[in-house]
Amino acid sequence: LDESKKTAASKQWMAAQLTELEQSKVDVSRDEAKQKITSMAHNVFKHADEVDRAGKADKTTAAAFNTAYVFYTVLKQFGDRDDQIVQAAKYCLFKTTDILKAL
């Protein structure tokens, strides 16, 4: 991503998310790991969706939707995903493409 497109707020938010992820990096059960990844996916999705619905979507927003998609896809490692998760992943992929095409 072009450095000029990154905002201080988006950098700060992503740094906070990565810090949270690093702090949660401990021995956890499979269910706890699934819950943490699901939570991270929902947080990234929610942030990207809020920016998009505010009409301020840019490449950073597309990258956030793509990140949420990756998190939702990682959940395949824990077995079948809920339909809500599958639909959210599809929406993230769609929004990533939609935003990038619009730029």
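Mentor: Start with Asp52. Setting aside neighbours within four places in sequence, Asp52 is in contact with Ala57, Thr61, Phe65, Tyr91, Lys95 and Ile99. Keep in mind that this is a predicted model.

Where does Asp52 sit? Asp52 belongs to helix H2, which covers residues 30-53. Its relative accessibility is 17%, so Asp52 counts as buried. The cut-off for buried is under 20%.

Asp52 and Lys95 form a salt bridge, with their closest N and O atoms 3.0 Å apart. Asp52 lies in helix H2 and Lys95 lies in helix H4 (residues 83-102), so this pair ties together parts that are 43 residues apart in sequence. Why can such a pair form? Side chains of opposite charge can pair when their charged atoms come close.

Is Lys95 buried or exposed? Lys95 has a relative accessibility of 9%, so Lys95 counts as buried. Both Asp52 and Lys95 are therefore buried, as the under 20% cut-off requires.

Lys95 has another partner. Asp98 also forms a salt bridge with Lys95, and here the closest N and O atoms are 3.4 Å apart. Asp98 and Lys95 are three residues apart in helix H4, which means that about one helical turn separates them. Asp98 has a relative accessibility of 34%, so Asp98 counts as partly exposed. Through shared partners, the salt bridges join Asp52, Lys95 and Asp98 into one network.

How many salt bridges does the whole structure hold? A search finds three. One of them joins the side chains of Arg53 and Asp49, at 2.8 Å from N to O. Arg53 and Asp49 are four residues apart in helix H2, so about one helical turn separates them. Their surroundings are worth checking. Arg53 is exposed, at a relative accessible area of 64%. Asp49 is buried, at 12%.

Helix H1 (residues 8-23) has 16 residues. From its first C-alpha to its last, H1 reaches 22 Å, close to the 22 Å expected at 1.5 Å a residue. Ser10, Trp13 and Gln17 are buried in H1. Seen down the axis of H1, the buried residues fall within an arc of 65°, so they line one face of the helix. What covers them? The cover includes H2 and helix H3 (59-74). Turned away from the buried side is a face of H1 that carries the exposed residues Ala8, Gln12, Glu22 and Gln23.

Now step back to the whole chain. The protein chain has four helices and zero strands. Along the sequence, the pattern is α-α-α-α. The radius of gyration is 14 Å, close to the 13 Å that the globule rule gives for 103 residues, so the protein chain is as compact as a globular protein of that length. The C-alpha trace spans about 40 × 30 × 20 Å along its principal axes.

Buried residues make up 31% of the 103 residues in the protein chain. Its accessible surface comes to about 6900 Å², and 52% of that belongs to carbon and sulfur atoms. Among contacts between residues at least 6 apart in sequence, 66% join residues at least 24 apart.

Technical notes
Residues numbered from 1 in each chain as written. Predicted model: local features only at pLDDT ≥ 70, side-chain atom pairs only at ≥ 80, totals over all residues. Heavy atoms only, no water. Helix = DSSP H or I, 4+ residues; strand = E, 2+ residues; numbered from the N terminus. Buried < 20%, exposed > 50% of the residue type's maximum accessible area, 1.4 Å probe, protein only. Contact = heavy atoms within 4.5 Å. Salt bridge = Lys/Arg side-chain N within 4 Å of Asp/Glu carboxyl O. Expected span 1.5 Å × (residues − 1). Arc of directions from axis to C-beta. Rg over C-alpha atoms; globule rule 2.2 N^0.38 Å. Areas by Shrake-Rupley, 256 points an atom, 1.4 Å probe, with all protein chains shown as cover.
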